[in-house]
Amino acid sequence: MFMSTLGIWDSWIATAYNKINPEKGFTIPPDKRGRHVRKPTQVTPEKIESVKQHVNLFPKVPSHYCRKRTKREYLERGLSVSKMAFLYSKWAAENNLSKSAIATRRQYRDILNSNFNIGFFKPKKDQCSLCSLMRNKSNNRQVREAKKDLWVAHVKNKTKSRALKEKDKNEAIKDKSIAVCSFDLQKQLTCPKSEDSAMYYRSKLNVYNFTVFDHVGRNGTCFLWHEGIGKKGSSEISSSLLQVIRDLVKHGHNDIRFYSDNCAGQNKNRFLFAMYLHLCVKYSIKITHRYLEPGHTQMEADSIHGNIERSTERQDIFDFDGWVEAIEQAKTSLPKYKVKLLSQKSIFCYKDLVKLQNWEYDLKRQPILWKKVREIFINGQEGTIVRVKYDFDSDYVSMSPNKQGRPVNLKTFVPPLAYQGNIELSANTVKDLTYLCDNLHVPLGKQTFLRNVLAGVNPVEEEEVTDLEYESTEEICQSDAEDKRNDTEENTNSAEEDQDLEEV
């Protein structure tokens with residue numbers, strides 16, 4: 001009883017007593033535990049080289065956000081270090097690698113982490129990095145104190161932007177002339193999509209889904225296209241919103257309020273604002289666009305994307321129609337998600353309009369800091385006046401983009417098409433898609449779509465292909481740190497913020 005109180009059991013005492021050697025002074029032999037541990041297998045240059053060769057077989061997926069200043073690469077959704085290590089074992093056996101050149105799973109992970117800067121697409125439920133830093137008591141107090149003011153402003157902006165969204169939604173329920181929508185571009189989908197291991201080593205066609213959610217009607221519209229039709233830049237986003245605005249105007253809305261994240265190449269740029277100005281003047285309507293606080297930009301569109309990802313996780317999709325059907329069936333209850341297809345005839349470019357205007361200075365000849373803009377407001381009945389806010393509680397800064405002496409008649413302006421011919425596609429993607437079709441990894445009956453895409457593109461070198469647009473230094477992310485912060489954007493650290501999204 002007494003010994004067990006000290007955590008010493010009778011069996012321990014009995015074992016020690018039995019090992020006493022009277023011939024050696026009633027001593028017991030030394031503890032042999034840990035003396036026969038096998039030394040870890042050495043990581044040889046041959047193993048490092050074989051792992052590098054295998055990792056380089058996987059096509060890299062562009063970041064969801066800008067990549068001007070970051071060297072981080074991403075692997076497609078569905079892959080993980082464990083999955084890659086499993087595929088490595090099969091690949092090593094198929095290529096008859098010698099035993100001395102094959103790394104263990106643990107070595108594979110260590111070599112991968114040491115030699116590559118690779119990320120995986122993950123569900124967007126991570127906490128805001130700044131909030132995590134401040135709430136983690138293990139962080140240095142001086143570090144937290146240094147960021148206290150920044151965090152206070154950060155929390156204030158988060159609370160204010162979400163309160164404005166809720167206020168706008170309540171106003172729109174009472175006033176049918178008001179429409180409130182949030183939107184986001186889903187992390188790109190791939191076609192074909194399959195669990196076939198050969199697919200992981202081949203570049204696929206990127207499919208883009210831009211989702212707009214109507215907060216009053218509680219329905220989502222998915223604008224769908226692929227990289228054989230267009231990119232995922234401002235032209236595609238503004239053309240999708242152009243359709244949304246026209247539909248809302250047809251249904252009697254003249255006060256339209258948008259909410260989105262801060263991705264400059266897509267949601268915060270002068271091409272998009274020029275489209276807003278064009279339609280506001282043409283239809284005499286008002287448009288307000290507010291940007292949610294980075295790290296807290298989870299919206300209803302994100303829940304739609306989550307439903308699509310969950311419903312298609314184990315599903316084989318070999319053509320574009322397969323993605324259309326999958327998205328339409330992703331929601332089990334009514335109303336179903338509506339899918340609208342973008343074609344090159346419906347993608348317009350506002351670059352020419354921006355060139356004819358002045359989006360650089362306000363009416364006081366001060367430069368507009370587009371990267372810091374939190375809200376933009378345009379009232380078509382005021383002519384070409386554009387108002388921006390750098391803080392939700394500050395006054396508007398006004399500007400007039402139309403240049404003196406040669407104003408553009410926005411009531412009659414017709415934007416040109418963004419694309420006039422075949423799209424450029426990576427030569428490596430063309431080669432891999434051809435391989436997947438020729439070797440029947442894509443079933444013969446599903447090959448028509450991919451064959452038609454391959455017949456209508458211009459293969460070019462990888463570095464010549466880009467899917468994002470940047471128009472000025474104000475639209476470029478400033479550092480790798482900000483790019484990583486954007487990777488966790490659209491997430492929330494509050495369970496209450498998720499509650500309203502469950503029904504979407």
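Helices here are DSSP runs of H or I with at least four residues, numbered from the N terminus. The views below are taken from a predicted model.

**View 1. The protein chain as a whole.** The protein chain of this predicted model contains 18 helices and 15 strands. Of its 504 residues, 50% are buried. Among the contacts with a separation of 6 or more, 74% are accounted for by residues 24 or more positions apart. The accessible surface of the chain comes to about 26000 Å², and carbon and sulfur atoms hold 51% of that area.

View 2. Arg106 and Asp110 both belong to helix α5 (residues 105-115), where they are 4 residues apart, about one turn of the helix. The two residues form a salt bridge in which the closest N and O atoms are 3.5 Å apart. Arg106 counts as exposed because its relative accessibility is 55%, a value over the 50% cut-off, whereas Asp110, at 33% relative accessibility, counts as partly exposed.

View 3. Glu171 and Lys167 are separated by about one helical turn, because they are 4 residues apart in helix α8 (residues 148-174). Their side chains meet in a salt bridge with an N to O distance of 2.7 Å. Glu171 is partly exposed at 27% relative accessibility, and Lys167 is also partly exposed, with a relative accessible area of 46%. Both residues belong to a network of salt bridges that links Lys167, Asp168, Glu171, Asp255, Arg257, Arg290 and Glu375. In the whole structure, a search finds 19 salt bridges.

View 4. Asp247 forms a salt bridge with Lys340, with 2.6 Å between the closest N and O atoms. Asp247 lies in helix α10 (residues 234-250) and Lys340 in strand β10, so the pair ties together parts that are 93 residues apart in sequence. Asp247 is partly exposed at 28% relative accessibility, and Lys340, at 22%, counts as partly exposed too.

**View 5. The surroundings of Asp261.** Asp261 is found in the loop between β8 (255-260) and α11 (270-283), and this residue counts as buried because its relative accessibility is 1%. A polar atom of the Asp261 side chain lies 3.2 Å from the backbone nitrogen of Cys263. The side chain of Asp261 is also joined to that of Asn267 by a polar contact of 2.6 Å.

View 6. When residues up to four places away in sequence are not counted, Phe258 touches Cys181, Phe183, Leu241, Val244, Ile245, Tyr276, Ile287, Thr288, His289 and Arg290.

**View 7. The buried side of helix α13.** In helix α13 (residues 320-328), the buried residues are Phe320, Gly322, Trp323, Val324, Ala326 and Ile327. The buried residues of this helix pack against the strands β5 (189-191), β6 (205-214), β7 (219-226) and β10 (338-341), and also against the helices α12 (300-311) and α16 (448-455).

**View 8. Asn402 in its loop.** Asn402 lies in the loop between β13 (397-399) and β14 (423-426). Its relative accessible area is 14%, so Asn402 is buried. A polar atom of the Asn402 side chain is 3.3 Å from the backbone oxygen of Val408. Setting aside residues up to four places away in sequence, Asn402 touches Gln357, Thr384, Pro407 and Val408.

**View 9. A nonpolar patch on the surface.** Tyr17, Ile20, Phe26 and Ile28 form a nonpolar patch on the surface, and together these residues have about 470 Å² of accessible area. Ile28, one of the patch residues, is placed in the loop between α2 (10-18) and α3 (45-55). With a relative accessible area of 49%, Ile28 counts as partly exposed.

Terms used: Residues are numbered from 1 along each chain as its sequence is written. This is a predicted model: local features need pLDDT of at least 70, side-chain atom pairs count only at pLDDT 80 or more; totals for chains, interfaces and linings use all residues. Side-chain values use heavy atoms; hydrogens and water are left out. Helices (H or I, at least four residues) and strands (E, at least two) are DSSP runs, numbered from the N terminus. Buried means under 20% relative accessible area, exposed over 50%, partly exposed in between (1.4 Å probe, protein chains only). A polar contact is a pair of N or O atoms within 3.5 Å; within protein, one must be able to donate a hydrogen and the other to accept it, and residues adjacent in sequence count only if both atoms are side-chain atoms. Contact means heavy atoms within 4.5 Å. Accessible areas come from the Shrake-Rupley method with a 1.4 Å probe; for residues, only the protein chains shown count as cover. Patches are made of residues with over 30% relative accessible area and no salt bridge: like charges are joined within 9 Å, nonpolar side chains (Val, Leu, Ile, Met, Phe, Trp, Tyr) within 5 Å. A salt bridge is a side-chain nitrogen of Lys or Arg within 4 Å of a carboxyl oxygen of Asp or Glu.
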